[in-house]
Amino acid sequence: MDDFGSPALRRLLEAFGGAVRETHAQRGDATARVEAERIVEVLRFLRDEPALAFEMLSDLTAVDYLGRAPRFEVVYHLYSITHNHRVRVKAGVPESPCQIDSVVELWPAANWMEREVWDLYGIRFRNHPDLRRILLYEEFEGHPLRKDYPKERRQPLVGPRN
Amino acid sequence: MAHARTLDDDLEKDLHTEHQVLNMGPSHPATHGTVKFLIELDGETIVDLDIAVGYLHRGFEKECESGTWYQAIPYTDRLNYNSAILANIGYCLAVEKLLELETPERCAWLRTLAGELARIADHLTRCGAACLELQAMTPFLYGIEARELTWDLMEMLCGARVTSNYVRIGGVKHDMPASFPAACRENIAKIRGLLGDYDEVVTRNRLFVDRLRGTGLISRQDCIRYAVTGPLLRAAGVPLDLRKDEPYLKYAEVDFDVPIGEVGDNYDRYLVCVEEMQQSLRIVEQCLVALERLGPGPVNVDDPRVRWPAKGRVFNAMEELIQQFKAVTEGPLVPAGEAYHAIESANGELGFYVVSDGTAVPWKVRCRPPSLINLQPMPLMLRGAMLADLIPTFDFINMIGGECDR
């Protein structure tokens, strides 16, 4: 697989050649799709490898590719303050079991980001310390950013809680 | 023996210190944002804090997936309503990255100028409201008066004061009016004056300094672990500013400094914000000079995929009429792929991750909200602090509900 001149992709391919499924650098964004089972291992390597030093988890989100297998992709955007470079790591998540390992142990920043993905996409994060809904309320039915959730769907009325 | 106990021990023993949970919000006069805090208190000391966000959630990302790429721009106005134009810019830059478009030079200068005016408005709101919530009305009015001046300029530029809707994919709505540079220079002078007045009342004010110094502390390492960016991270001493580190628009061509703090308390945050406003004023002045030097020119990219034809031609030529019709009803087709573009908004890294399946409707628009991510370590800043410290800390995190909850 090609590293597109990105040091992050090169080091990643050297260390985890077998776990990297695909790389690309569309519009200059170095991207690697890796096996979901090894996501924590891969991200720990990217964080701790001194030549890469991705200290910051800039963003964590998911995309629903309805009709494709695996259906979901969890997307991690990493940024290194030391080297001023970025990398995007993606991992496919199937519809069932809809889960992936949490990266809160690597970056506490992932806590709320993973809660948001759980809330809006219904992807469970294993070993997450506090996986509750964050933007919506507990009684909300369904996960609205899934492509098969119609925008017009009404939710049942929820009474006051005590 | 029991008699040997001191009076102090007796007092300690009988003191009933059960923790109590205080519910603050979701609508509280001392927080300028809709958020609920569940505060576990030991007397007046904060033991733990749980933050409930989401009260302003209105499905921004879901809405974006049901319109054209253009139709998402007004929604971005409603993210951070203090500096709406920065979200416009961030979104359009991400879509332009996907389209591989290069905007004309004049457009890039106009965007830089408008973005810096918005940054000033945002910082003025943050610093002004912080004073208000610490019971100081006068500096708040100085700040709001200065913010009005930036909004007057915004009105000249795009016809709206708050929700600008000025930036387009591949350009801006229109060029600045001829009277803009003079008005801008006049208002810059007035804003400098007001910032001076504000500074005199606040910066060395004993009450203000006592409330801010040493409160809301967070270390450099914790900021990075929690992905905190913007003035909060810079106040903790990390000189990360995407305008310098990943220069976009015209930031590589303007001269400005990145102020940083030492310890990362609220007072450092305040000083960083105040200095950033001065630096932004410098950038605005340089943009005006550059725009005058550049002279009149196009402000929209001449690319048939995103261009709207000139109105005069639409009414008189069949080709342009068809093009206009298709641009309005279908919107631009964006090639399949994904792109992430981050800008330095007033609160920190504002990123847009856009995914296209090659149609005129976005497959996914993700906004990386600095407000939400900067709010997350707030319990860390406040454990062991006094309840009263919560107010200035929350003020300087500057959580904006529209952007936090989307």
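Two strands pair here if DSSP finds at least two bridges between them. With that in hand, welcome to a few close-ups of this predicted model.

**View 1. Strands S6 and S7 of chain B pair in the antiparallel sense.** Nine bridges join S6(B) to S7(B), the strand made of residues 348-356. One of the pairs to look for is Ser345(B), whose bridge partner in S7(B) is Gly348(B).

**View 2. Three strands of chain B make an open sheet.** Follow them in the order S6-S7-S8, with antiparallel pairing. Strand S6 (337-345) and strand S8 (364-368) of chain B are the edges; each has a single partner strand, so one side of each lacks a neighbour in the sheet. From one strand to the next, the twist averages 15 degrees. Helix H4 of chain B, residues 84-99, packs on this sheet and touches S6 and S7 of chain B. The direction of H4 makes about 150 degrees with that of S6(B).

**View 3. Chain B meets chain A.** Here 32 residues of chain B are in contact with 26 residues of chain A. On the chain B side, the elements that each supply at least two residues include H4, S6, S7 and S8, along with helix H15 (370-375).

**View 4. Helix H14 of chain B is hardly covered.** Of its 12 residues, one is buried. After the helix comes Gly331(B), with a positive phi near 85 degrees.

How values were computed: Residues numbered from 1 in each chain as written. Chains lettered and ligands numbered in written order. Predicted model: local features only at pLDDT ≥ 70, side-chain atom pairs only at ≥ 80, totals over all residues. Helix = DSSP H or I, 4+ residues; strand = E, 2+ residues; numbered from the N terminus. Axes fitted to C-alpha atoms, helices over the stretch in contact; angles between N-to-C directions. Contact = placed C-beta atoms within 7 Å. Buried ≥ 20, exposed ≤ 12 C-beta atoms within 10 Å, placed from the backbone.
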